Amino acid sequence: MRGNRSIVWLSIVLLFAGCVHYPVNPKLSHFDSKAGYRFENLPTTAENSDKVFVVLAFSGGGTRAAALSYGVLKQLSDTTVYVGGKPRRLLDEVDVISSVSGGSFTAAYYALYGDRIFSDFEKRFLKKDIQGALIWRLFSPINWVRMVSSTFSRIDMAAEYYDRYIFDHYTFSDLVKKGRRPFLTINATDMSLGARFEFSQDQFDWLYSDLSGVSIARAVAASSAFPGLLCPITFRNYSHESDYREPGWVKPALHDSTNAPVRYRKALDIRSYGASNDRPYIHLLDGGLSDNIGLRGTLRALESTDGGWSLIRLMNLEKVQKIVVVTVNAQTESKVSWDKHKSSPCLLSVLSVVAVSPMNDYSFDSMLMLKQDVDRLTQDAKTRKDFEELIRKQYPNAKLPGGEQQDVQFYRINVGFDGIENETDRNDFENIETSFSLSSENVDKLCNVGKKLLCESAEFQRLLHDLRQK
Amino acid sequence: MEYVKVKFPESRIVIMDGEENGNTNRTMDVEQGTHIFKLADPKDYKPRQRKRVIKDTTKVNPAEVIFERK
C-alpha cells in the first residue's frame, strides 16, 4: 500500500516536472524590419539630440561592476552641459548603453526606470544579498522538483527572481512603448558560435522571433550566466517565413571574405540562424565570454555601416558633432602566488586562468581597438584638413572632392580601477570579489570612486570644457 | 576605413546596402569590402544600382560611384 502511494507521488512529481518549462520567446506574427526594439525607433528629442552622441559601455564583474557604473550614472546626472546653447544634464544626452553581465543590471534598470534608479536601485539590487536569495531558492523543495525538468534550470530560476524582484515583469515591449533613449544593448554570448549576441530586434529578426515578448530579466540573466556557476539560457530559433528579408549587407559580404573578413564572419553567423532545422534552439552564456566590457558593438558601430546602429552612418548623414564613449571597466587584476612556489599550480588555479585570462586579454584588445579607431578617424580628418589648407595656399579656390567635411570630435573616457593613483586604495578595489552580494560599505565606496574617476578623467574634463561654452 | 563619393547632378540620399548612408557628392566613410549603392526616390537615375569593391582609398581621394539622370 505504502509502495503504491510512493509511486503515485513520484508520478505526480515527474508529471509536474515534465510540465515545467522556461518562458519561450514568441515567434514574429509577421516580419517588419522597421518595428520593435531598434535604435531607429528611439528618436531624438528636445533633451537628447544626435549632436552630442554619448555611448556608455558597462563591463561585467557582478555587483562590483553594477555599483561602479551606477556611480558613473550619478555623476553624469550631476553634470550640466550646454548643447545648442541650452543647459541640460549630461545624463540626458546618453544615446546608447551597451552592457555585459553585472553591468547589465544597472543599464537595464536605468533604461526602464530612468531617474528612479537614484532612489531605489541601491535598496532593490546593489545592497541586497542577491546571491543569498538565489541560493536560498535552491533549498525550496518545489524548485528541486522543477529542476528535474530538462527545460528548467538554475538560470531560469535566477531569471524568475530578477523578473519578480528587480525588473517588475517588464519586457522589451515596455522599452518600445517608452520610445526614448538610451537604447539598451544587453550582450550575451552565443554558445555555439562563441559570438556576441545582443538583445535587439535586429538580432531577433534572425531568429524570426519577437523580442517584445521577452522579459528584461531574461536578457539580463543570459548576459550574466557565467559558465559553470549557471547553465546557458535557451531561446527558440524559428524557421524564417517567406516575408523575411535579411539585411542588405549580408549578400555582398558573403562574396568578399578577402577584403572584409569581419563582415564575412558576421554574415555567416546570421545565415546560421536561418538554418533553423540545424539550430532550432540557441543557447546563450555570459556576455563576458565574447566581450567583457560591452565595447564590441560600439567598435563595430565605429568601423561599419552595417547593423542596427552605426556611428559611421550617423557621421555620413552629418547628424553628429561630438562622439563620446565612456567605458566603465570593473575588471580587477588577480593576485596570484604560484610563481613563488616550485610545485606546479593545482588544477583549480589552472582552470581559473583558463576561464578569466582570455576574457581580460580580450577586454584589453577592445580598449586598444577603440583607441586605434578613434585615432584613425581623427587622423584621417586631420590629414584631409591639412592637405586642403596646404593646397589652398597655392590655389585659393581649390576644392577637394567630397565637399566641406563636418568636423567630428571624439572623446574616449575610461573609468577603471587602474585610474586610482594611490596603490593602497587601488588594491582595496582590486580585492573586491566578483559576487552578487557586497557589503553596503563596499557598494558606497564603488559608487563614489566611479563618480571620482569620471570627474578626474582628462578626457571628461576636455568634454566639459567644450560643452560648457554657452 | 575607406572613403566613397557618390556622384549625381543633385543632392540626394545615398542608399548603401539597403540603408540610408549619406548624401550624393559628399565623402562617406565606409568599411572596406563590397557594397551596393542606390539613390533614394524618385527613380530618375541610372543605372538602378552599382555594386563596387571599395578599397585602397583615402579621405583626400575617395572612390567615385557615378549615377546619371535618366
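Predicted model: local features only at pLDDT ≥ 70, side-chain atom pairs only at ≥ 80, totals over all residues.
Is A:Ala330 buried or exposed, judged by its C-beta neighbours inside 10 Å?

View 1. A:Ala330 counts as buried because 29 C-beta neighbours lie inside 10 Å, and the cut-off for a buried residue is 20 or more. Leaving aside residues up to four places away in sequence, A:Ala330 touches A:Ser59, A:Gly61, A:Arg64, A:Ala65 and A:Leu68. A:Tyr395 stands 65 residues from A:Ala330 along the chain, and 53 Å separate the C-alpha atoms of the two residues.

**View 2. Crossing of helices α3 and α10 of chain A.** The axes of α3 (residues 101–113) and α10 (residues 216–223) come within 8 Å and cross at roughly 160°. Angles over 145 degrees count as roughly antiparallel, and α3(A) and α10(A) are therefore roughly antiparallel to each other. Their crossing is right-handed. On α3(A), the contact is made by A:Ser101, A:Ser104, A:Phe105, A:Ala108 and A:Leu112; on α10(A), it is made by A:Ile216, A:Val220 and A:Ser223. Five of these contact residues are nonpolar, three are polar and none is charged.

**View 3. Contact between chain A and chain B.** Chain A contributes 31 residues to the contact, and chain B contributes 27 residues. On the side of chain A, the elements that give two or more residues are α11 (250–254), α14 (311–316) and α15. Helix α15(A) gives the most, with seven residues. The residues on this side of chain A comprise 13 nonpolar, 10 polar and eight charged.

Note on methods: Residues numbered from 1 in each chain as written. Chains lettered and ligands numbered in written order. Axes fitted to C-alpha atoms, helices over the stretch in contact; angles between N-to-C directions. Helix = DSSP H or I, 4+ residues; strand = E, 2+ residues; numbered from the N terminus. Parallel < 35°, antiparallel > 145°, perpendicular 65-115°, else oblique. Left-handed = near helix turned anticlockwise from the far one by under 90°. Contact = placed C-beta atoms within 7 Å. Nonpolar A, V, L, I, M, F, W, Y, C, P; charged D, E, K, R; others polar. Buried ≥ 20, exposed ≤ 12 C-beta atoms within 10 Å, placed from the backbone.
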